[in-house]
Amino acid sequence: MKNARRRLLALLANGLAGLSIVASAWLLGPTDDDLLTAALLRSDAATVHGKRNAFVALYVFDRDVPEAAWEQVVADDVAHVNAMLSSDLAVDALTAFADSPYQKLASLPEDASFLCESGKPNCLSRVRTDPQRAREVIDGHTEHLARGDRLSTLDHYRSDLTPHLSAPLQVPVSSYFRLLL
């Protein structure tokens with residue numbers, strides 16, 4: 001009986017010690033690191049490290065939008081999509097650029113089996129089956145390749161779209177990687 005009491009007291013003491021450790025984190029308040037992290041999350045995306053956000057470049061990646069107009073075109077489209085999100089209307093990922101005068105850049109041909117594909121074997125043998133056609137496709141996508149090169153000059157990605165399950169995930173770069181390979 002004496003042993004059982006000691007075990008019960010030891011168990012209660014350990015439980016109270018554990019609870020006090022957990023409660024001390026709440027009682028002490030946020031640390032300097034917590035405050036810094038919260039401030040960074042609230043900061044304006046355009047001022048993160050004073051560099052350019054890749055969101056705009058990726059948003060217009062597959063559209064024939066002159067670079068001088070990127071910021072304004074994306075700002076207008078983001079405002080439109082965010083307004084739809086705030087009104088609880090479902091936003092289809094294809095609504096971006098729905099009424100835009102800017103056309104899509106050339107896409108890969110339907111049968112692009114002669115190009116490399118990430119994760120697929122025999123890359124060189126695929127290109128060697130029709131090197132002239134592969135060269136023509138690559139030459140026809142110089143704007144995609146140039147835009148991909150420009151992505152390396154950007155420092156971060158932070159979406160300007162309101163976080164929402166219906167918000168479009170606008171990152172149309174998949175065909176770029178096939179050209180790059």
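A residue is called buried when its relative accessible area is under 20%, exposed when that area is over 50%, and partly exposed in between, using a 1.4 Å probe and protein chains only. By this rule Arg-147, at 3% relative accessibility, counts as buried. The structure is a predicted model, in which local features need pLDDT of at least 70 and side-chain atom pairs count only at pLDDT 80 or more, while totals for chains, interfaces and linings use all residues. Residues are numbered from 1 along each chain as its sequence is written, and side-chain values use heavy atoms, with hydrogens and water left out.

**The protein as a whole**

- The protein has 8 helices and 0 strands, where helices (H or I, at least four residues) and strands (E, at least two) are DSSP runs numbered from the N terminus.
- Followed along the sequence, the pattern reads α-α-α-α-α-α-α-α.
- The protein has 181 residues, and 30% of them count as buried.
- Taking contact to mean heavy atoms within 4.5 Å, 73% of the contacts between residues at least 6 apart in sequence join residues at least 24 apart.
- The protein exposes about 12600 Å², of which carbon and sulfur atoms supply 59%; accessible areas come from the Shrake-Rupley method with a 1.4 Å probe, and for residues only the protein chains shown count as cover.

**Arg-147 and its surroundings**

- Arg-147 is found in helix H7, which covers residues 142–151.
- When its neighbours within four places in sequence are left aside, Arg-147 is in contact with Val-60, Phe-61, Asp-62, Arg-63, Asp-64, Val-65, Trp-70 and Leu-105.
- A polar atom of the Arg-147 side chain lies 2.7 Å from the backbone oxygen of Arg-63.

- Side chains of opposite charge can pair when their charged atoms come close.
- A salt bridge is a side-chain nitrogen of Lys or Arg within 4 Å of a carboxyl oxygen of Asp or Glu, and by this rule the count comes to 4 salt bridges.
- One of them joins the side chains of Glu-143 and Arg-147, at 2.8 Å from N to O.
- Because Glu-143 and Arg-147 are 4 residues apart in helix H7, about one helical turn separates them.
- Through salt bridges that share partners, Glu-67, Glu-143, Arg-147 and Arg-150 are joined into one network.

**Helix H6**

- Arg-135 forms a salt bridge with Asp-139, and their closest N and O atoms are 3.4 Å apart.
- Arg-135 and Asp-139 are 4 residues apart in helix H6, so they are separated by about one helical turn.
- Arg-135 is partly exposed, with a relative accessible area of 46%, and Asp-139 also counts as partly exposed, at 45% relative accessibility.
- Val-137 lies in helix H6, which covers residues 131–139, and at 10% relative accessibility Val-137 counts as buried.
- Although Val-137 and Ser-107 are 30 residues apart in sequence, their C-alpha atoms are 9.4 Å apart in space.

Definitions and conventions. A polar contact is a pair of N or O atoms within 3.5 Å; within protein, one must be able to donate a hydrogen and the other to accept it, and residues adjacent in sequence count only if both atoms are side-chain atoms.
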